[in-house]
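Thank you all for making time this morning.

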Amino acid sequence: MTTADRFRTAIDNRDLAALDDLFTEDIRFYSPVKFTPFEGKPMVLGLFGVLLRTFQDFRYIGDYTGTAQTSTDGTSTQSAVLLFRTRVGDKEIHGIDLLHFADDGRIKEFTVMVRPQSAVHALGEAVLAGLVEDGLAPAPTPSGQ
């Protein structure tokens, strides 16, 4: 079973312990709603805890494998693209997860892209609320303060 298959199974089972085994210690997660990546296994696992609570009817609908350059250092690595559909509230989301693998097969970089823009906005709000709730991000301050 490939790392991408094991990842899909972990997501289907909402199994954070299995995800812990699949990530490198220095994993980077590039979000569609945040310019800088989430870095390190503890933060990325915390983010996945929020995502697993936030997404409704999440399902993978396809996959592609090959090689691609990473965002971190531009090296070409084994990679997988997993296509998904889900909902956040009343917003339907169509997206992809791009996984880059380290030499040992674990996931070292993870990039998510979603559409449409209204879904990106809804996702960003829901995830920020979950990160604040879990103590992983500060509460936003009202504009102008």
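Leaving aside its neighbours within four places in sequence, which residues is phenylalanine 7 in contact with? Taking contact as heavy atoms within 4.5 Å, phenylalanine 7 touches Leu19, Leu22, Phe23, Phe48, Tyr60, Leu82, Asp97, Leu99, Ile107 and Phe110.

Before going further, a word on provenance: this is a predicted model, in which local features need pLDDT of at least 70 and side-chain atom pairs count only at pLDDT 80 or more, while totals for chains, interfaces and linings use all residues. Residues are numbered from 1 along each chain as its sequence is written, and side-chain values use heavy atoms, with hydrogens and water left out.

Phe7 belongs to the largest nonpolar core, which has 37 residues, and it is among those that touch the most other members, together with Leu19, Phe23, Phe29, Phe48 and Ile107. By nonpolar core I mean a set of buried Ala, Val, Leu, Ile, Met, Phe, Trp, Tyr and Cys residues joined through side-chain atoms within 4.5 Å, where buried is under 20% relative accessible area, exposed is over 50%, and partly exposed lies in between, using a 1.4 Å probe and protein chains only. Helix H3, residues 41–54, gives the most to this core, with 7 residues.

For the fold as a whole, there are 4 helices and 6 strands, these being DSSP runs numbered from the N terminus (H or I, at least four residues, for helices; E, at least two, for strands). Along the sequence they follow the pattern α-α-β-β-α-β-β-β-β-α. Buried residues make up 43% of the 145 residues.

Turning to helix H4, residues 117–133, its buried residues include Val120, Leu123, Val127 and Leu131, and the buried residues of H4 pack against strand E2 (38–39), H3, strand E4 (76–88), strand E5 (91–101) and strand E6 (107–115).

As background, most residues other than glycine have a negative phi, and most peptide bonds are trans. Two further residues therefore deserve a look on the backbone side. Arginine 14, in the loop between helix H1 (3–12) and helix H2 (16–22), has a positive phi of about 55 degrees, and counts as partly exposed at 44% relative accessibility. Aspartate 57, in strand E3 (residues 56–69), likewise has a positive phi, near 55 degrees, and is partly exposed, with a relative accessible area of 48%.
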